[in-house]
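Visitor: I would like to learn how to read the features of a model such as this one. Please take them one at a time.

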Amino acid sequence: MTATPQILDLSDRTNGVNVRMDAETGEMTLKYAPPHEPFSFTATLQTDPAALKTVCAGGAMLEAARPAAMTKRLQQIPARAVWPANAVGQRIRLFLEWLVTSKENTNYTYDLTPLNLTYLASTISVVTARPTAEIESYLTEPTADSELTQHYTDSISALRPDLAAVADPIARWSRRVGWYALVRAVKPRVVVETGVDKGHGALLLCAALRRNAAEGHQGRYIGTDINPAAGYLMRPPYNDHGRIMIGDSIESLRTLKEPIDIFINDSDHSADYEHAEYQTIAPLLRTGSVVIGDNAHVTDKLARFAAETGRRFLYFSEAPREHWYAGAGIGFAFT
Ligand SMILES: C[S@@+](CC[C@H](N)C(=O)[O-])C[C@H]1O[C@@H](n2cnc3c(N)ncnc32)[C@H](O)[C@@H]1O
């Protein structure tokens with residue numbers, strides 16, 4: 001059995017690598033000299049002495065057993081660190097920028113990367129059996145619609161101070177542009193969204209229904225939210241195309257009688273509640289109906305619902321542009 005040294009020394013001085021750890025104090029030193037890029041790092045491991053001794057004993061054993069492999073691994077550290085350090089650093093930069101420029105505390109807003117929008121168009125093209133170019137053109141509409149973006153900015157700017165304090169007055173739609181393009185492609189008569197919050201999705205869905213109506217395809221939006229203050233973005237002229245039912249979603253869904261063409265689950269995000277919503281609306285779905293799950297990055301409930309009801313399932317993973325948030329996704333159950 002290898003004795004526990006007080007100083008674990010894994011240095012390879014002939015190759016300019018100096019690595020030491022003190023089992024008593026927890027101080028770790030890493031130094032690179034030529035032929036490597038000079039580099040020095042010292043840290044104190046804040047852990048209990050027994051754990052330090054175990055690390056040192058383990059390190060000594062490894063060093064005794066595989067000295068060449070150990071040295072090689074240490075030599076590789078600087079080169080291996082470059083890519084992840086850049087990636088993590090970029091995320092930290094975005095986080096710090098967001099911290100001082102945004103007011104949002106939940107339900108973050110951002111745009112999607114151009115590549116991600118291309119994949120979104122392809123995904124919706126499969127779901128709707130419409131040409132990708134048609135879906136791509138729908139995806140550009142919300143950002144190009146100055147009336148819609150102005151409506152968004154004006155609505156946030158006119159909010160009560162407590163609500164305005166946690167909302168940014170810039171229209172950024174995230175994965176919801178996919179919801180919009182789906183409504184434009186399907187021309188639904190009834191769209192139901194559970195969980196309205198500010199009305200971000202509601203506004204966008206009503207904007208899509210408004211365009212459809214201008215092209216001769218009438219449709220209605222029904223939103224549900226337990227919070228009586230939900231949906232403040234749903235103001236004229238967009239609220240002409242829908243209404244919000246206040247109360248528990250499942251209770252509200254039980255009162256619906258008409259077929260649902262597009263259903264969006266985005267309320268209580270527990271798996272059981274999500275499952276219960278799909279079970280509640282199942283009798284109102286028909287061939288061609290599309291069910292969207294905004295919880296699909298967390299649970300498999302929509303994928304399972306699709307399998308149980310003879311539907312296909314696709315998952316789109318969103319990629320936020322210039323935002324620290326890793327993004328959520330859209331689950332699609334469709335026939
Ligand atoms: C993630 S937000 C919805 C975001 C919205 N779809 C959008 O596009 O921004 C979730 C919303 O669900 C609502 N909610 C939570 N539990 C609910 C329930 N049991 N019934 C109805 N609404 C619920 C919350 O009040 C909240 O506004």
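Visitor: In which loop does Glu-322 lie?

Guide: This is a predicted model. Glu-322 lies in the loop between β10 and β11. Its phi is near 50°, a positive value in a residue other than glycine.

Visitor: Is Glu-322 buried or exposed?

Guide: Glu-322 has 12 other C-beta atoms within 10 Å, so it is exposed. Lys-187 also has a positive phi, near 55°, and sits in the loop between α7 (176-186) and β5. Lys-187 has 16 other C-beta atoms within 10 Å and is therefore partly exposed.

Visitor: What is the strand order of the open sheet of seven strands?

Guide: The order is β7-β6-β5-β8-β9-β11-β10, and the pairing is mixed. β7 (242-246) and β10 (312-317) are at the edges; each has a single partner strand, so one side of each lacks a neighbour in the sheet. On average, neighbouring strands here are turned by 15° against each other, direction ignored.

Visitor: Which helix packs on this sheet, and which strands does it touch?

Guide: Helix α10 (residues 271-281) does, touching β5 (190-194), β8 (262-265) and β9 (290-293). The direction of α10 makes about 160° with that of β8.

Visitor: How do I read the pairing of β5 and β6?

Guide: For side chains, the general idea is that they alternate between the two faces of the sheet in a regular strand. As for the pairing, β5 and β6 run in the parallel sense over five bridges, with Val-192 opposite Ile-222 in β6. β6 (residues 220-225) also pairs with β7 in the parallel sense, over five bridges, and there Gly-223 has Ile-244 of β7 as its bridge partner. Four of the five residues of β5 are buried, so β5 is largely enclosed by the rest of the structure.

Visitor: What is there to see in the loop between β6 and β7?

Guide: Pro-237 is in that loop. The peptide bond from Pro-236 to Pro-237 is cis, with omega near 5°.

Visitor: Which residues of helix α11 are buried?

Guide: An α-helix has 3.6 residues a turn, so residues three or four places apart point the same way. In α11 (residues 301-308), the buried residues are Lys-301, Leu-302, Phe-305 and Ala-306. Viewed down the axis of α11, they fall within an arc of 135°, so they line one face of the helix. Their cover includes α10, β9, β10 and β11 (329-334). Just after α11, Gly-310 takes a positive phi of about 70°.

Visitor: How many residues surround the ligand, and which are the closest?

Guide: There are 20, the closest being Gly-195, Asp-197, His-200, Gly-201 and Asp-268. β5, α8 (200-214) and β6 each supply at least two residues of this shell. By type, the shell divides into three nonpolar, nine polar and eight charged residues.

Visitor: How does the open sheet of four strands pair?

Guide: Its pairing is antiparallel, in the order β1-β2-β3-β4. β1 (7-9) and β4 (39-44) are the edge strands, each pairing on one side only. β3 (residues 27-32) and β4 pair over six bridges in the antiparallel sense, and Glu-27 has Thr-44 of β4 as its bridge partner.

Note on methods
Residues are numbered from 1 along each chain as its sequence is written. This is a predicted model: local features need pLDDT of at least 70, side-chain atom pairs count only at pLDDT 80 or more; totals for chains, interfaces and linings use all residues. Two strands pair if DSSP finds at least two bridges between them. Axes are lines fitted to C-alpha atoms, for helices over the stretch in contact, and angles run from 0 to 180 degrees between N-to-C directions. Two residues are in contact if their C-beta atoms, placed from the backbone, lie within 7 Å. A residue is buried if 20 or more other C-beta atoms lie within 10 Å of its own, exposed if 12 or fewer, and partly exposed in between; C-beta atoms are placed from the backbone. The arc is that of the directions from the helix axis to the C-beta atoms. A residue is near a molecule or strand if its C-beta atom, placed from the backbone, lies within 6 Å of it. Ala, Val, Leu, Ile, Met, Phe, Trp, Tyr, Cys and Pro count as nonpolar, Asp, Glu, Lys and Arg as charged, and the others, Gly among them, as polar.
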